[in-house]
Amino acid sequence: MSDYVVDARDLTKVYQMGDVEVHALRGLSIKIKRGEVMSIMGPSGSGKSTLMNTLGCLDRPTSGEYRLDGESVAELDDDQLADIRNRKVGFIFQTFNLLPRATAMANVELPMRYAGVTEGRSQRAQAALETVGLGDRVHHRPNELSGGQQQRVAIARALINNPAIVMADEPTGNLDTKSGDEIMKLLLGLNEEQGVTLIIVTHDPEIAARTNRIVTIRDGRVED
């Protein structure tokens, strides 16, 4: 097994906007070790969202090589990408992305449903919610939870399939300072206790400073 859970080499991504080609990634290479906590920073239009979508198997590169947890994924079709995304990537979004009419438990169970898991699903969801401090909120819907609690549900959902990497896109962006600090402490604690590999996309230098490594993207490349 490789020390690197993410091994991406010479990634390019070209979007066709009418007659214009937009080069979002320009031969970008990046490696991330297992258990690392890394932040990705960069100005708007730098390519960091494209990189996140590529590393998270939401999109494929135009060219280049990408191995996630030892599996080559750069040339997979949409169904194969969806499968590896569900098995190996946990997502945490700024806007939480919870199903509004579903309970916390049902939201956390969702990736297991997609993976075809039937046995022990509710027990695993319960345990995940207890891990993030919401054992007493399992039957609450998102509108009955604070922003910080909703993000905790999202974190439990991201971890439920034991992914190779967890990608957090501005995870504290919609939270007040106190809630944001609590979420960062929770994420860093999960990294220490469970060895979760954490990739945080952020504009906030204070958030980035709490990670092991900061990678800055500019003009579709890693800035030295």
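Which residue is the bridge partner of phenylalanine 91 in β7?

Mentor: The bridge partner of phenylalanine 91 in β7 is methionine 167. This is a predicted model, in which local features need pLDDT of at least 70 and side-chain atom pairs count only at pLDDT 80 or more, while totals for chains, interfaces and linings use all residues. Residues are numbered from 1 along each chain as its sequence is written, and side-chain values use heavy atoms, with hydrogens and water left out.

Strands here are DSSP runs of E, at least two residues, and helices are runs of H or I, at least four residues, numbered from the N terminus. β6 and β7 pair in the parallel sense over 5 bridges; two strands pair if DSSP finds at least two bridges between them. Isoleucine 92 stands opposite alanine 168 in β7.

Both strands belong to an open sheet of 6 strands with mixed pairing, in the order β6-β7-β8-β3-β9-β10. β6 (89-93) and β10 (221-222) are at the edges with a single partner strand each, so one side of each has no neighbour in the sheet. Helix α1 (residues 48-55) packs on this sheet and touches β3 (37-41), β6, β7, β8 and β9 (213-218). The direction of α1 makes about 150° with that of β7; axes are lines fitted to C-alpha atoms, for helices over the stretch in contact, and angles run from 0 to 180 degrees between N-to-C directions. α5 also packs on the sheet, touching β6 and β7, and its direction makes about 170° with that of β6.

β6 is mostly covered, with 4 of its 5 residues buried. Buried means under 20% relative accessible area, exposed over 50%, and partly exposed in between (1.4 Å probe, protein chains only). Methionine 167 counts as buried because its relative accessibility is 0%. Leaving aside residues up to four places away in sequence, methionine 167 touches Met52, Leu55, Gly56, Val89, Gly90, Phe91, Ile92 and Ile199, where contact means heavy atoms within 4.5 Å.

Ile92 and Val166 are among the residues with the most contacts inside the largest nonpolar core, which has 35 residues. Such a core is a set of buried Ala, Val, Leu, Ile, Met, Phe, Trp, Tyr and Cys residues joined through side-chain atoms within 4.5 Å.
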